[in-house]
Amino acid sequence: MQQRRELDQVYTNRKLLNGQLDTPKWWLPTVSILGVVVLIGVVVIATMINKGLGVTGLARPVYWGLFITTFVFWVGISHAGIMISAILRLTQAEWRRPVTRAAELLTVFSLLTALVFPLIHAGRPWRIAYWIMPYDISRGIYPNIRSPLIMDPVAISTYLTGSTLFLYIALLPDLGNLRDRTTGWKNAMYTVLSLGWRGNPRQWKMQTVGGILLSALMLPIFVSVHSIVSWDFAVAAAVEGWHSTIFAPYFVIGAVHSGVSAVVTMMALMRWLWKWDDFIRPEHFDALARLLIVVATGWLAFTFLELTFALYGQDAPEIALREMQMFQWPWNALFIIFFLTAYAIPVPMWLFKRVRTNIALMFWTSILVNIGMWLERFLIIVPGLARRTPFVYTWEAYRPSAVEWTIFIWSFAWVTFLMLLFSKFFPLVPLFEQKESQVFTEDVMIGRAKIPAIIREAD
Amino acid sequence: MASQAVAHEAEHHAPPPNVDADVVTRELIATTTGASGRFKAWTWGLGILSVVGIVALILKFIDQGDDSTKWGYVAALVSFLLSVTGGAPMVAMAPVMAKANWVRPITRIAALFSFAGVATIIMLIPLVAILPPLVTEGARRRTVWYMAPDYSPHFWTTLSLVLLLITGIALFYSAALPDFASMRDHSTGWRQRLGKRLARGWVGTDVQWRTLRMRIGMFGSFYFLILVFVNFLVSTDFGQSMVPGWRDAIFPMYHTVSGFQAGVAGVVIALYFSRKYMKLEKYIHLDAFWSLGRLLFALTLLWIYFFYSSFIVFWYGRSENDIATLDLLIKGPMIYAFFAGMILLWFVPWWILIWNKVRRGTAMMVVGSFVILIGLLIDRIRTFVPAWSVPGDQIHQKWLKVIPETVWPDIFDILIMAGGISLVAFIVMMMTRVIPVLSVWQVQEFNLLAKPIRYMKGHATLVAKPD
Amino acid sequence: MTTAEFGTHKWGMVVDVDKCIGCNACVIACQAENNIPINTQDRVERARSISWIRVERYWEGDFPDAKARFIPIMCQHCENAPCEPVCPVYATYHNSEGMNVQVYNRCVGTRYCANGCPYIVRFFNYWEPVWPESLRNHLNPDVTVRSRGIMEKCSFCVHRIRRESRNARSAGVEIADGAVQTACSSACPTSALNFGNFNDPDSKVSKMKEDKRHYTLLDQFGTDPNVIYLAKIDADKKVGAGEAATHG
Amino acid sequence: MRKSILGLFQQPEPAADAMDGLKEAGFELGTFDVLTGTPYPEGAFGEHVPQHRLFRYPAFGAIIGFTLAVFLTSVTQLAYPMVTGGKPILSIFAMLIIMYEMTMLAGVIATVIGIVIESRLPNMQPGIYDTRITEGWIGVVITFDDESKVADAESVLNKAGALEIKHA
């Protein structure tokens, strides 16, 4: 429980709106550098589409490689947002307040990035338009809804739309705030965007009730999205290591693991870059780390189950696959790194409060987790395809090409770029939630002890 | 229902009454004595039923002890009892996990269920004797015990169930110390003597309180881990591994989650009756029902999610495993049980619990909980009975070739199931005679931490959150 | 027996492994017939070569009495094909003649089908296909040249089937048994590859697949292929479907 | 444009007193309102708790989405009856997933529309306002049908200790 801090609202406004009202010095150079990287990435993608997928490292039988791995990775990251803002909103966790918007943003932008990969990894991207937006007559046929690749776009666009609207609704009061702080064309923009927000009881009630309702609606979507992504793999009966019933919850909890870690990374950066030490405080990292310990352990349990029941069948090919995945070069090295970074190093560290409240350590451990979780996806997808078949015809292992790595890096630059762009115009920490927590918390004296308390409305 | 719900809502909005500490102690201690005639009648009835059930169990063992295919219903019952009695105490750990205030008064009721774990163990004994070893006719069947000794499942399941019982009781006892002390101070007769012996000189020093919290946290986490492990063993060794080619990685988790669901449902029912017939409205606030309702709702959705996650994978896959599993467990001998379970375990509770009005009330909550318990029993029958009905000479094959016929319960099975379930109720009811059904000190703590306040012109509750 | 109307046949192949001598004639015939781009050394090394039919060589037994075995593998045209339901655009589906067909202009190249296929008989065009000037005019006009970015696989020489049924229809007769031959089966010197109509109970292939040596590849996936294999006969070994299925 | 005045307070308590004063002075509910920069516990200002029908929107949206999904999935399959992998033409278990997603999507969109409508937005003539409200000041705004009551409204605000009164 965070101990209470008296923060004057004027100060809160000035600090939390510094991204918009007085742009920090580092902003322009950073954005321009990122812009260059993004541009390079776009050029590379264009060349790949122009030349064909021959430029990638893909080869029979590994038809899906780095792109799909990264796609799953970003979809996983996107699960941070709703996890944090919905679940914590429903459980009325007080410490969520400064975190929610950043998390939702991460959802939106990582989804926008994830979407790119299935498109560019296809052989004829220019035709994918028919596959995503298929309901036209010109193609003369409708898509096959039995295919998980149709469920994917449906689920992801649902999730993207939902979380974007969620973000916007929660942004309204702060837009009103910005409208009051700005002049000129910015003022005009915020006036339009804030839809004439005034802050009367009705509007506030809608904020709270609607927030809870939307959370309750977004939560099932959030679960379904990564489940459906996991079924891309799980329905392939002929691929050992993919055809497992546990994939849906296993992917979801893994996604939460990586997503929440990504939020930690992001919060540390926000605290450092915008000097928000008064708002993003060690106790928030502490709470997130506690959450992460639980999530990570649950995830480990699922990993264990997945492995157990892979061997449970005691079929030769399955065992051969696992043997390759864990004990053969280069997979064994990846596997060790994966296990160390995803669980063995960070979680024991988080057990100590000194680590949990140390922002630098939290930053690095959260990065470790995401390295591990990316490798996890890679180790699920690629060895499953590079499996030993009974045939001598397939012998090639998969080695990602420079093009793939460039696009992989591009995706990170792209997300950061979008984030910074957003931060120029909209606050990354919800101001009204910040102020609300000021109103809704106070200290009670029980005997001599001063205990932080929360005001719960009679309902 | 609507009008009643509205009434409850009004009641809900009213801030929790602040009762003086001494009144709390006196009234709650008083609940252990002076049982009503109805209560006595019920206890007798349930007691007799349980005895009949145990006798039936022995008879069935003598009669059919050699034929494993006839024991599916007992296996289902064991799994069911494990779910209820094992899942319920999890509610007692919520404060440790989430520091939730609403749960404090009701942890005792949840913890009382762990005593009923005795029923599970009693029902398990013959089953362990009958469960085929890993190697039959020189062939080893698929289990999670790849190369382990032949009788590992028998040993470990029994051991972990006993461990679960012990940890559950330890969890109960570590949280009950202060109440035994208050029984020592305010009760009479054997209860006072019992309190004297069990309070272990509790006077409530700072150190004692700190150790108490530490113990609760410790045993709580142990309990959780052991519970997951037991669910894993029972669901695989007594269910999955009895069917050649049934390979469902999610099944243990499915089993665990539906176990929690049943546990919460059991707690809701116990709460309802103690609130109604022990006049505890003052202490069991509707807030508790509301929160439990939301928990139950979430678990209900989780059940359907886990079920569908495995089902869709089987449906897409065409391999022998997939087809045989679907044919045996869903389309096959138990199809009616499947639909009944689907309706009672998911659809009906989902539709009942989705309404905030219902969650704010008690009546429909308890209806929903009963529905869930019945549904769970049917679902356990759906999974375990077909699994056990596979002939013993086939369970070590690679794939299930012939789908066995439907197995209907014989008179023994019915008596055993009735007995086992009433034994749980019986034990819980008896425990309420021994110790207050609500934990006295936690009720005090609740009243201390949650205060109704006037915030300017409005009403609100001030909930303190100590670390 | 049916007339040559569309959808009345169930085309299939019976491969007598015992007769296969691993001469690779079928592979060459297929490459020539179906306008398959040339598998240059580079493509083979990158495991990007395309061959709709291939002859697998594997060893049975251990040295010194190890035996070299050959088994031709092409698309098995499964009834429960894992590749079909996963295609988002119906680029591959099961037609009414029991064939697993690939529709090139629907394909967007997700390569999902290839992941699903346990036989590794689906191939992806990484590059635009090119032929040396000398071969430009050798392309088969009946077969589409596949552009880059799409999947392709054995089509049971569907163009030959169509031609035969056209002729039969215009002549008002049924397609005679054996009239339709795929490029590979017609090229096979030992007639290890036999193509025909499984719906016709007294066609050659229908008779052959009753042989007690018959088995299908990777039957544990429940794909129910339309390509039936007849197991190798070993002088010193009792052979049944069981033995054959193990190496499949 | 109806006449309305806005009294500004720096602390919530006097604002609440002002609301009470207005009630006593016989202004009927709905003609006066309180503007804050942050949500306060319900009824903190003795304001009348706003009624809303928000919960109807998602149900309505969900029904629409579900119907659409059923139509889309079943019709598109039946229109092109192609057998894939021996799956039935009308594969209900694949359809369920799409139906679920579309139901949720329509539900969410309807909810968002509902939130906007129920909070009486977009509101292009926000009326009298002060930018300090988003800096923690509390505004009590009163709208009049007849000019006569302006005076006693002002007196109430002043009595409660309004730091500033704006007219519009």
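Predicted model: local features only at pLDDT ≥ 70, side-chain atom pairs only at ≥ 80, totals over all residues.
Local features need pLDDT of at least 70, side-chain atom pairs count only at pLDDT 80 or more, and totals for chains, interfaces and linings use all residues. Residues are numbered from 1 along each chain as its sequence is written, and side-chain values use heavy atoms, with hydrogens and water left out.

The nonpolar cores come first. A nonpolar core is a set of buried Ala, Val, Leu, Ile, Met, Phe, Trp, Tyr and Cys residues joined through side-chain atoms within 4.5 Å. Buried means under 20% relative accessible area, exposed means over 50%, and partly exposed lies in between (1.4 Å probe, protein chains only). The largest nonpolar core holds 388 residues. Trp231(A), Ile407(A), Trp388(B) and Tyr229(C) touch the most other members. Helix α12 of chain B, residues 286–316, gives the most to this core, with 19 residues. Helices (H or I, at least four residues) and strands (E, at least two) are DSSP runs, numbered from the N terminus. A second, separate core has 35 residues. Ile455(A), Ala18(D), Val150(D) and Ala153(D) are among them. In soluble globular proteins, nonpolar side chains tend to be buried together.

Contact means heavy atoms within 4.5 Å. Residues up to four places away in sequence are not counted for Tyr229(C). Its partners include Val15(C), Val17(C), Ile71(C), Pro72(C), Ile73(C) and Met74(C). Tyr229(C) also touches Gln76(C), Arg213(C), His214(C), Tyr215(C) and Leu217(C). Phe124(C) is placed in strand β6 of chain C, residues 122–124. Its relative accessible area is 2%, so Phe124(C) is buried. Trp59(C) is 65 residues from Phe124(C) along the chain, and their C-alpha atoms are separated by 29 Å.

Ile354(B) is found in the loop between α14 (335–353) and α15 (356–360) of chain B. Its relative accessibility is 32%, so Ile354(B) counts as partly exposed.

Cysteines were searched next. A disulfide is a covalent bond between the sulfur atoms of two cysteines. Here the cut-off is a pair of cysteine sulfur atoms within 2.5 Å. The whole structure has 0 disulfides over all chains. Cys87(C) is in no disulfide, and the nearest cysteine sulfur, in Cys113(C), is 6.4 Å away. Cys87(C) counts as buried because its relative accessibility is 9%. For Cys117(C), the closest cysteine sulfur is in Cys83(C), at 6.2 Å, which is too far for a bond. Cys117(C) counts as buried, at 7% relative accessibility.

Charged contacts complete the picture. A salt bridge is a side-chain nitrogen of Lys or Arg within 4 Å of a carboxyl oxygen of Asp or Glu. The search finds 48 salt bridges over all chains. In one of them, Glu104(A) meets Arg89(A) at 3.5 Å, N to O. The pair links distant parts of the chain: Glu104(A) lies in helix α5 (residues 100–120) and Arg89(A) in helix α4 (residues 79–90), 15 residues apart. Glu104(A) counts as buried at 1% relative accessibility, and Arg89(A) counts as buried at 11%. Arg89(A) also forms a salt bridge with Glu433(A), with the closest N and O atoms 3.7 Å apart. Glu433(A) is in helix α18 (residues 431–440), and 344 residues separate this pair. Glu436(A) and Arg97(A) meet in a salt bridge at 3.0 Å, N to O. Both Glu436(A) and Arg97(A) are buried. Salt bridges that share partners join Arg89(A), Glu94(A), Arg96(A), Arg97(A), Glu104(A), Glu433(A) and Glu436(A) into one network.

How values were computed: Chains lettered and ligands numbered in written order.
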